[in-house]
Amino acid sequence: MENRNLSKLQEEINETFELHRQQALKLRLSTKEERARKLSKLREWIKRNKAEIRKALYADFKKPATEVDLTETYLVLSEINLALKNLSKWMQPKKVKSPITLTGSSSYIQFEPKGTSLIISSWNFPFQLAITPLVSALAAGCTAIIKPSESSPHTSALLRRMVMEVFSRDDVALFEGEVEVSTMLLEKPFDHIFFTGSPKVGRIVMKAAAENLSSVTLELGGKNPVIIDKNVNLEDAAQKVVWAKFMNAGQTCVAPDYLMVHSSILDPVLAEVKNQIQKMYGTKGKAIAKSKDFARIINSRHHKKLTRLLSDARLKGASIFFGGDMDEEENYLEPTILTQVTDAMDIMQEEIFGPILPVVTYTDIEDIVHTINSKPKPLALYIFSDEQFVIDFVLSNTSSGGVCINDCIIHYLQPELPFGGVNESGIGKAHGHFGFKAFSNEKAVLKQRVGMTPAKMFYPPYGFAEKRISKLFLKIFG
């Protein structure tokens, strides 16, 4: 971008941020009805433009319409509906009990808007990942500036149109562009920053936020393991894993990253996984490439990264059990299953974020825990087992953002659960009430009666009586 254009953009960002800072002061007094009107207008726009959302996602990476409806439109609409249903309850001050040492006082938590917010979203679910945090920001009474991904330009253009048609500029604004736009925005002292993307960029966002002491929600990713224990229903497990892994061509932050299979059932698991791939997408080769139900890789840069991971694994001894076909011009990569995988391969060290599924084996439960704990904490962990002690052992001895037992990724659809990672896979929680709280300051309020406070017993000067009372106080309550 030319220096003249960058200068003009910087002026526009400065002006917009100042508008938002002034508007944020007014929104501290916003009512449930005012917030609900904004959410309702957003909901109606989405309902009217379902077809346009499908077209934009298809243009960006040939995402199937059914996947768009489920993972983009439905998720946003359900988030809006949940907020509208619960907004009054969420905004209500929450009373808390007072200890006997504060007799006579009353205490409560007041939820106030943090103020100005910045939402930097990812390309893999470019509509949903921009708008779901926006719903939380609006519900909490914040302003929002959105920076969508430059890798999904058609969806970004649609988002820009939506913002212009639904919101006033001082409530919600959107800036398109590449990394220099994000850099300019991150220099501003936002009250909260919500970022979705890779751990690498997440570190950059967190460093920038630290300069202004902005609070952050970071939705990152990681190597999400799937454990398939012996004596499970193999057809059921394989069907769920294949759907979760290859939806969106594997470009999902909660997608299974690698499969851990009990050594006694490796062959039947591989056979069933292959069977389910062919049932969902067609037989190997051209049939899958022609499938309208299988998305493409977002761009050539990411396609090259995936082919590099695949080549590195094969050079180091991995075998392709199924798949491996690719078309660079189409950014196509066939659903691929790898066996004989080791930790020496890049594919077992980096988040894959594509339609490649490495399979490793284990013999006892300690192997599972050792493998998972040797890597950064994942965003999601999946356990297929009928043995409760296996489930309990894995839950107690590993750490992850979320867990699904005998299923994959559907915990993302449960609005009453917090969604987010831990350390490398993310900071903070989102969705529903948790998203509302992410954009809210939980302000502590204590009200005391006039002329009364237990603290008077400890006012100076500290004489003999005060010292005796303090010792007695410690003895009783300490």
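This is a predicted model: local features need pLDDT of at least 70, side-chain atom pairs count only at pLDDT 80 or more; totals for chains, interfaces and linings use all residues.
Two strands count as paired once DSSP finds at least two bridges between them. One handy landmark is Ser107, whose bridge partner in β18 is Leu446.

Zooming out, β2 and β18 belong to an open sheet of three strands, ordered β1-β2-β18 and paired antiparallel. The edges are taken by β1 (94–96) and β18 (440–447), each of which pairs on one side only. On average, neighbouring strands here are turned by 30° against each other, ignoring direction.

Then there is the packing. In soluble globular proteins, nonpolar side chains tend to be buried together. Here the largest nonpolar core holds 117 residues, and the members touching the most others are Leu42, Phe127, Ile131, Leu134, Leu259 and Ile347. Helix α4 (residues 65–91) is the top contributor to this core, giving 11 residues. As for Leu42, leaving out residues up to four places away in sequence, its contacts are Ile80, Ile131, Leu134, Val135, Leu138, Met162, Val166 and Phe167.

Finally, the cysteines. Searching the whole structure turns up zero disulfides. Cys253 is in none, and the nearest cysteine sulfur, on Cys404, sits 13 Å away, whereas a disulfide would need the sulfur atoms within 2.5 Å. Cys253 has a relative accessible area of 11%, so it counts as buried, the cut-off being under 20%. Cys142 is buried too, at 2% relative accessible area.

Conventions
Residues are numbered from 1 along each chain as its sequence is written. Side-chain values use heavy atoms; hydrogens and water are left out. Helices (H or I, at least four residues) and strands (E, at least two) are DSSP runs, numbered from the N terminus. Axes are lines fitted to C-alpha atoms, for helices over the stretch in contact, and angles run from 0 to 180 degrees between N-to-C directions. A nonpolar core is a set of buried Ala, Val, Leu, Ile, Met, Phe, Trp, Tyr and Cys residues joined through side-chain atoms within 4.5 Å. Buried means under 20% relative accessible area, exposed over 50%, partly exposed in between (1.4 Å probe, protein chains only). Contact means heavy atoms within 4.5 Å.
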